[in-house]
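Please look over the sequence and the model shown here. The paragraphs after it go from the overall build to single residues.

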Amino acid sequence: MRKVFLYASTNPWLRGKAMRTAFVRRSVKKFMPGETAADAIAAAESLKPAGITTILTHLGENIAHLGEADEVERHYLELLKSIKTANIDSQISIKPTQLGFDQDPAVCLAHCTRLLEASEKQRTFFWLDMESSPYVDGTISLYKELRKRSPFVGIAIQAYLRRSPNDVEELVKLGAAIRLVKGAYLEPPNIAFPKKSDVDEQYYRLATRMLQPDADKPGALLHIATHDVPLQERLRQFISDRKIPNTRYEYAMLYGIKSGHQHELARRGERIRCLISYGEYWFPWYMRRLAERPANVWFVVRNMFG
């Protein structure tokens, strides 16, 4: 099922057909509040009373023309203004290919630098999402350049990639903020672990590595970005046994997935940040969310048909 969903995420014909299908459009609403920035801001405001903070991301990747990156930057600058006006604790997250990385990495860096500067002025974070394996080296290089300018920048690292332990070791030295995710692209087995048990074990090893004393540096932060509750609880036990302060980590989960558990984490006094995605380019993102955990299909069906 996972391979089917990941194939669908890259198929333009399926995307075109599905995005016009009422059933699919209804089902995706369980995972995103709407297609506009105003929808995302409203969702973030609704979570504020529960003590749940947020990350906002405008869906899109692999722009066709470099000029499109100018519009993406303008959109995020306006989003930052809206976050300030709404007085919510929200951060922004982008994919490098949204800002022209495919066409010109130097132009992408310039766009990211301006967005980082605007984020730092509001004392909030600017996150780089990770894309498929061919982009890992470039995204890490981009992060390193941005990290020289400010500590208000973070990067996503995918636990299913075999290379990730080396990447984490390198980033730990910089005092990196890392959103640790399992990974959601179709990769060959020589690049990424195909078995869930192997991915889970590597996730645990990477997370605990980032919580070691020598990784406690200015700017360092771990986002435990998984919906796998047993894995969360295993890490919570590690944190409790070693009396690690919650300033060193946050839980990060997606809007609409295990919302009750997100509220429970907040009630326990844990820091929990909800990633809210929005925009018209939702089909590839939606297929990858289903691929991450095929049980989400039944979650959607139950919610739609009671």
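This is a predicted model: local features need pLDDT of at least 70, side-chain atom pairs count only at pLDDT 80 or more; totals for chains, interfaces and linings use all residues.

Residues are numbered from 1 along each chain as its sequence is written, and side-chain values use heavy atoms, with hydrogens and water left out.

The protein has 13 helices and eight strands; helices (H or I, at least four residues) and strands (E, at least two) are DSSP runs, numbered from the N terminus. Of its 306 residues, 54% are buried, where buried means under 20% relative accessible area, exposed over 50%, and partly exposed in between (1.4 Å probe, protein chains only). The protein exposes about 13,900 Å², and carbon and sulfur atoms supply 55% of that area, computed by the Shrake-Rupley method with a 1.4 Å probe. A contact means heavy atoms within 4.5 Å. Among contacts between residues at least 6 apart in sequence, 76% join residues at least 24 apart.

In soluble globular proteins, nonpolar side chains tend to be buried together. Here the largest nonpolar core has 82 residues, and those with the most contacts inside it are Leu 56, Cys 112, Phe 126, Leu 146 and Leu 180. Such a core is a set of buried Ala, Val, Leu, Ile, Met, Phe, Trp, Tyr and Cys residues joined through side-chain atoms within 4.5 Å. Not counting residues up to four places away in sequence, Cys 112 touches Ile 94, Leu 99, Phe 126, Leu 128, Leu 142 and Leu 146.

Rings of Phe, Tyr and Trp (its six-membered ring) pair if their centres lie within 6.5 Å; planes under 30 degrees apart count as stacked, over 60 as edge-to-face and the rest as tilted. By this rule there are five aromatic pairs. One of them joins Phe 101 and Tyr 135 edge-to-face, at 6.2 Å centre to centre and 65° between the planes. Phe 101 is in the loop between strand S2 (90-94) and helix H6 (105-121), and Tyr 135, 34 residues away, is in the loop between strand S3 (126-128) and helix H7 (136-149). Both Phe 101 and Tyr 135 are buried. Phe 125, Trp 127 and Phe 152 form one aromatic cluster.

Arg 179 lies over the face of Trp 127, at 4.9 Å from the ring centre. This term requires NZ of Lys or CZ of Arg within 6 Å of the ring centre and within 35 degrees of the ring normal. Trp 127 and Arg 179 are also among the contacts of His 223, as are Gln 91, Glu 250 and Arg 273. His 223 lies in strand S6 (residues 221-224) and is buried, with a relative accessible area of 0%.

In helix H8 (residues 164-172), the buried residues are Ser 164, Asp 167, Val 168, Leu 171 and Val 172. They are on the same side of H8, because they cover an arc of only 130° around the axis, taken from the directions from the helix axis to the C-beta atoms. Their cover includes H7, strand S4 (153-158), strand S5 (177-181) and helix H9 (196-210).

Most residues other than glycine have a negative phi. Asn 62, however, has a positive phi near 50°; Asn 62 is partly exposed at 35% relative accessibility.
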